[in-house]
Every structure is written in C-alpha cells, then in structure tokens.
Amino acid sequence: MKPFDYIRADSTTHATRAAGQGANFIAGGTNLLDLMKLEVMAPHKLVDINRLDLHQITEVDGGLRIGALVSNSDLAADMTVRKQYPVLSEALLAGASGQLRNKATTGGNLLQRTRCYYFYDTAMPCNKREPGTGCQAMEGATRLHAILGTSDACIASHPSDMAVAMRLLDAVVEIESAGGAVRSVPLSEFYRLPGQTPHIETVLEPSDLIIAVTLPAPAKGAQTYRKVRDRASYAFAMVSVAARVQMDEGTITDAALAFGGIGSQPWRNPAVEKALIGQKPSPELFAKAADILLADAKPQKDNAFKVPLTRRTLIATLKELCGKDAA
Amino acid sequence: MKTSLTINGTEHQLDADSRTTLLDALRNHLDLTGTKKGCDHGQCGACTLIVNGRRINSCLSLACMHDGDEITTIEGLGQPGNLSDLQDAFVKHDGFQCGYCTPGQICSATAMLQEVKDGWPSHVSADLTGDVDLTNAEISERMSGNLCRCAAYPNIVDAIRETAEGRK
Ligand SMILES: Cc1cc2nc3c(=O)[nH]c(=O)nc-3n(C[C@H](O)[C@H](O)[C@H](O)COP(=O)(O)OP(=O)(O)OC[C@H]3O[C@@H](n4cnc5c(N)ncnc54)[C@H](O)[C@@H]3O)c2cc1C
Ligand code: SF4
C-alpha cells in the first residue's frame, strides 16, 4: 500500500472540503482498502467519514431515507425494509458475507468498483484503471463481465446487488458538495455509461459526498431478487434479477425489472416493462420480454452463456411473481 | 497515528503507520496473534474478530479507524481451562483439522449467533420477517464468509448448531 495521510471528518463540510482538495472518502473500507493494497487505487489522503451523523434510517413522505453510512447489515435487517421493500433486503443478503455486510455502507456499496480481473491486476492494460492503455478483457476471461451498456473501451460489469434493488425501487441519491449545496440525483441518472471514458463511473464531482439514498413510497405488487452465481453463497452475480409485478385478475397491471451482473451499471430497460404491462402472463409474453432486454446484448466468447442464462433467469422470475399473485 | 483500542477489556495505545490494518496492529504491534491472516483481502474470513459486538474482517479495516472501539478477539472469548461454549463445541466436534481458520470461525459464529438472536434474516430464510430456524442450511449460509481449506464444514456446523441449541 502507498503511504497516505489520514484524517477523521467531524462534519460533512469538513469532509467535502478535504475531498475537494484531493482526499478520498473512506467508509467501510471493504472495497477501497482492497484496491489500495493492490495499488489499483493510491489516494494520498483519506478522510474517514464514519463518525458523521449519517447512520439513520428514517421514514419520510411515505418513503424511506437511508443515511449513507447505514451498514448493509442494518439495512437488510431493518423491519420497514423487510416488510415494505423486501427486494432490497433480499439483494443485500445475497451479497458478500456477514462480516463484510457489517462494514459495507450504503454509499460505499453504490460506489464499489468493478470486479474485472484485469482492473485488479496492475500489470495489465485497463482503460478504467489507466485511461488509454487498452482493455485486456476483450477476448480475455469475461465470466464476470457485462453484455449490456458496454463500449469498445470497457466491458466491465457493475458488481453491486444492493444497487440493482435500489434501481428497481426508483431510489434517489442525495449528494452534498463542498460549500454545502445538496442535490438529488435519481439512481437512473447516477451512473455513466463507459463510452470512451470508463474511468468516469458516476456523475459525482471529486468533492461530492453521498449523504443519503431515498426510496419513494413502496409501489404495489410482489417483489423478489433472484441471483445466479458460481456457488450458492458469497460470490458475485453472473446474472441477477430484481423484480416487482402487480397482478389484477390475471393481468399484469404493473411491472418493474432491474438486472445485475450483465450491465455496465445496474440495468433497467423501460421497454421490457412496457411490453409486460396490460398483458396476461404467458410463456410467449415472457420470451418477448427477454427478446427486448437482450436485443442489444454484446457478449464476448467467454460470457456468451449470459444471454441464455439471463433469458432463463428472467422467465423464471416472472413465472414466480405472476404465479404467486395470480393464484 | 495515535490510536486507543480496548481489546478484550484492556486498553491499548498504538502508534503505527496509517496503513496498519487492525489485523496487523494486533499481530505485529500488540502481540495478539490469535487472529490469523489468510488472504488479506476479505475473502477467507480467517481474520474475523468482533468490534463493538459486530463481526468484521480485520484485514479490510485500518487500525486508526477504530480509535475508542471495543474489540474482542479469540483470546478474549476464552482461554484453555475456561473455554467459551463455542470453543468447547469445536473441540468436542473436531471442528477443524489444521486449525488455522478456527479463531475466525469461532469469532464469526459467536457474533452470528447474536445476529440470529436479534432476528436478522439470511439469504436462505424462507420468511424475511419470521423467526429464524437455525437449520444446517442457515448456519452454512451465515458462515459462508469463513472458508476452511481442510473442509471441516460438517463438524463446524455441528458445533455451532449444538451451541445454539444450548446442548453440551
Ligand atoms: C470478498 C468480497 C465479496 C463481495 N461480494 C459482494 C457481492 O456478492 N455483492 C455485492 O454487491 N458486493 C460484494 N462485495 C462488495 C461490497 O459490497 C463492497 O465492498 C461494499 O459495499 C463497499 O462499501 P464500503 O462502505 O466498504 O466502501 P469503501 O470501500 O469505504 O468505499 C468505496 C468507494 O466509495 C467511496 N465512498 C464511500 N462512501 C461514500 C460517500 N458517502 N460519498 C461518496 N463517496 C463514498 C469511497 O471513496 C470509495 O471510493 C464484496 C466484497 C468483498 C471484499
Ligand atoms: S473491461 Fe474495463 S475494467 Fe476490465 S480491463 Fe477492460 S477497461 Fe479495464
């Protein structure tokens, strides 16, 4: 690890000012320290934000405001989340391990970096780690890589489970910048597609501190999170589906779907949802939804399996939710 | 970085480079070598210990971030002649072969049983809001952050289940 200075922020103003001067925030540290040990990231100064007052979950306007420092464990165990937003609890519990979830924070989870093997290996070219050096993953090992939203500069996937559920739930990110101004950015506009600048992953400016994530009042319908991975626990998603389906007298009256493991960011495609709404569930309908989702898929040799796997996982998820409510 | 840590009830003062992880602080600065270093990247769980009642990977946490925290390591759970229930059960059930992952397993299981008491659901819980029935599947899922290279898993699960059931 490269040497760095360490300071502890005593206010959000203090934290954003330090970040504006080039320091990096550290929250749970479970991603940042991992990357610092490998010198994939080498901040010269860390601002520890853990003692800021951002640990609360509060009910607001029928929805929920989740402080940026709420741990993944506390969020998954929160009774309101379990009852009103079960897809979020399920997604969190499907990620990492008990130990990691105790440290991992809401803000840090949204900002965790890709698990692309070449991004982690400083001996390899990588446009995300070192812009302009190339992408070693193309034609390489791509089991964890994306098939949607990629570019010819980067095919990395976003690894978060939590963010997929939050994307489904129309979460909004509350951001404070140096000077104290606070703005809200819907999660749908928070991540940036890689294009030719895969090193720029979100709309955040250097001094921007995530202070909270808000969820609107829970929408109607059954929710679920289905994750497919290489082992039954403690592994990143090959494919995951967060879904909400509302049924009325055998017709799908509302549907929302978000995907993990296959997109350069937590993935959502309104056209897929539109195709389902107002229709009666059937194998043909589900196949059509999968067709729309995967129409622009760009698999590599190594991860071509993700196209049929995504199709089957989506269909299984829809069957589960439509069946449950239709019955 | 000057850091004050309360470890197993005793206050320790540390003055180490900011890069020092909690794991390295214990092993290299404070002579508490019960906590083990495996992968050093949060993947194996050998370094698991308990901070303010919660299990964490001490390799992915900086010592300086823990100023004022209460830390429990395997040394603090029990000692020869005065073992904790879980330590006892691991011995009885042969919950190890080489023993390297054992401190992490036991610290992890100790805090995990508290999570169960607190009603936390897991990925395999059938019902997110119901009572937890600590089946073997539940134990395996909740302990998946602790790898055992000797694969003593069946015995580890037995030891944990027996402790949870209060039998000895
Ligand atoms: C072995 C292993 C397995 C894992 N498996 C999974 C998995 O299956 N699914 C999954 O989803 N995740 C998984 N993870 C990743 C884990 O969820 C993340 O490491 C964690 O969520 C990051 O949160 P943190 O608080 O520790 O972030 P940190 O490491 O502290 O920070 C990450 C980044 O976010 C920035 N940051 C943090 N908080 C803020 C804030 N409030 N405002 C602005 N910037 C901020 C930091 O500067 C840093 O750049 C795994 C991790 C490991 C090590
Ligand atoms: S896929 Fe992206 S992160 Fe991976 S090597 Fe290519 S540029 Fe780097």
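1. Residues 1-220 of chain A are 26% helix and 17% strand, with the end C-alpha atoms 48 Å apart. Helices (H or I, at least four residues) and strands (E, at least two) are DSSP runs, numbered from the N terminus. UniProt lists this stretch under "domain: FAD-binding PCMH-type", in an unreviewed entry. UniProt positions follow the numbering used here, feature names are shortened, and annotations may be inferred rather than shown by experiment.

2. A word on the model. It is predicted: local features need pLDDT of at least 70, side-chain atom pairs count only at pLDDT 80 or more, and totals for chains, interfaces and linings use all residues. Residues are numbered from 1 along each chain as its sequence is written, chains are lettered from A and ligands numbered from 1 in the order in which they are written, and side-chain values use heavy atoms, with hydrogens and water left out.

3. The structure holds 4 cavities of 30 Å³ or more. On a 1 Å grid over the protein atoms alone, a cavity is a set of points where a 1.4 Å probe fits but cannot get out; a pocket is an open set with protein on both sides within 12 Å along at least five of seven lines; lining residues have an atom within 4 Å of a point. Grid points are joined across faces, edges and corners, and a volume is the space filled by probe spheres set on the points.

4. The largest cavity holds about 110 Å³. It has 13 lining residues; closest to its centre are A:L93, A:R101, B:E115, B:W120 and B:P121. Helix 3 (72-77) and helix 6 (98-103) of chain A and helix 5 (136-142) of chain B each give two or more residues. Helix 3 of chain A gives the largest share, 3 residues. The lining has 5 nonpolar, 3 polar and 5 charged residues. Ala, Val, Leu, Ile, Met, Phe, Trp, Tyr, Cys and Pro count as nonpolar, Asp, Glu, Lys and Arg as charged, and the others, Gly among them, as polar.

5. Ligand 2 sits in the second largest cavity (more than half of its atoms lie within 2 Å of the grid points). That cavity holds about 80 Å³. Around ligand 2 are 14 residues, the closest being A:C116, A:C126, A:C135, A:C154 and A:I155 (a heavy atom within 4 Å counts). This shell has 10 nonpolar, 3 polar and 1 charged.

6. The second largest pocket has a volume of about 440 Å³. Its lining has 5 nonpolar, 8 polar and 6 charged residues.
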